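The exercises below are meant to be worked with the sequence and the model side by side. Try each task before reading the solution that follows.

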Amino acid sequence: MTGRFIAVVGPSGVGKDSVMEGLAAADPTLCLARRVISRPATLGGEAFDGVSERAFRKAEDDGAFILSWHAHGWHYGIPQSVALEVAQGRDVLVNLSRAVLPQAQALFARFCVILLRADHDILAARLTARNREDAAEIERRLARADFAMPLGIPHQVIDNSGPLAQTIATIRQHLSQTACDAGQSNQKIMP
Ligand SMILES: Nc1ncnc2c1ncn2[C@@H]1O[C@H](COP(=O)(O)OP(=O)(O)O)[C@@H](O)[C@H]1O
Ligand SMILES: O=P(O)(O)OC[C@H]1O[C@H](OP(=O)(O)OP(=O)(O)O)[C@H](O)[C@@H]1O
């Protein structure tokens, strides 16, 4: 059987990378997809492959990505190797733009979406504390926070306003109960 493609989405600063790292640390059967981003690796954040915009476009033209998008002034790509891992039966956590969920859904038979949320003031405080973007960029990220979920994408809303460990435990419980095949509900889970 193929693995599960588990998309983790939500506004910048909500905790996607933190939650994904915690999930992978707690469960070694979960892999983290390594994204290619046209952002200098020196800016920090998740473990990603930082490339120039030119190199990103070349890779994209060469078919290196199963999914790619542009947001926050950067290009993001999910490499073909992720599809291979899923085909080999691995469950893979992928930090995605909400905008590409329909394309992702079309690619994977076992597909599910975790939508993380937190109140606006919590997002603002976390982005400020993370100290990676300047004030203007933080404002732009906050303005995109309510980007609408595309229609027809089943997803679990998980609140990450509370302790990270609680969010991770809630998602682990959810993942233990879903095969991520057809019929996933839109039930809200608020720890
Ligand atoms: N549940 C939480 N409680 C407190 N701080 C959190 C929590 N989740 C994430 N953070 C912090 O918020 C900041 C943004 O988290 P990050 O994982 O980088 O978000 P995203 O990947 O969604 O942009 C980081 O500094 C992280 O340590
Ligand atoms: O279309 P949206 O759903 O709003 O998503 C846009 C981008 O924001 C998120 O990035 P993230 O917050 O991980 O950006 P960063 O890695 O630059 O912090 C997400 O992974 C997308 O790359």
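Two strands are taken to pair if DSSP finds at least two bridges between them. The model is a predicted one, and the tasks should be read with that in mind.

**Exercise 1. Find the bridge partner of tryptophan 69 in E6, and describe the hairpin to which E5 and E6 belong.**

Solution. Begin with the two strands: E5 covers residues 65-71 and E6 covers residues 74-79, and they run antiparallel, joined by six bridges. Within this pairing, tryptophan 69 has tyrosine 76 of E6 as its bridge partner. Next, look at the turn, where two residues lie between the strands and histidine 72 adopts a positive phi near 55°.

**Exercise 2. Work out the strand order of the open sheet, and explain why one side of E4 and of E5 is left without a neighbour.**

Solution. The sheet has four strands in the order E4-E3-E6-E5, and its pairing is mixed. Because E4 (49-50) and E5 stand at the edges, each has a single partner strand, and one side of each therefore has no neighbour in the sheet. The partner strands E3 (residues 36-37) and E4 are parallel and share two bridges, with isoleucine 37 bridged to glycine 50 in E4. Finally, helix H2 (residues 53-61) packs on the sheet, where it touches E3, E5 and E6, and its direction makes about 40° with that of E6.

**Exercise 3. Describe how helices H5 and H6 cross, and classify the residues that make their contact.**

Solution. Two packed helices are described by the angle between their axes and the distance between the axes. Here the axes of H5 (residues 120-130) and H6 (residues 135-143) come within 10 Å and cross at roughly 145°, and the crossing is right-handed. H5 contributes His120, Leu123, Ala124, Leu127 and Thr128 to the contact, while H6 contributes Ile138, Arg141 and Leu142. Sorted by class, this contact has five nonpolar, two polar and one charged residues.

Methods
Residues numbered from 1 in each chain as written. Chains lettered and ligands numbered in written order. Predicted model: local features only at pLDDT ≥ 70, side-chain atom pairs only at ≥ 80, totals over all residues. Axes fitted to C-alpha atoms, helices over the stretch in contact; angles between N-to-C directions. Left-handed = near helix turned anticlockwise from the far one by under 90°. Contact = placed C-beta atoms within 7 Å. Nonpolar A, V, L, I, M, F, W, Y, C, P; charged D, E, K, R; others polar.
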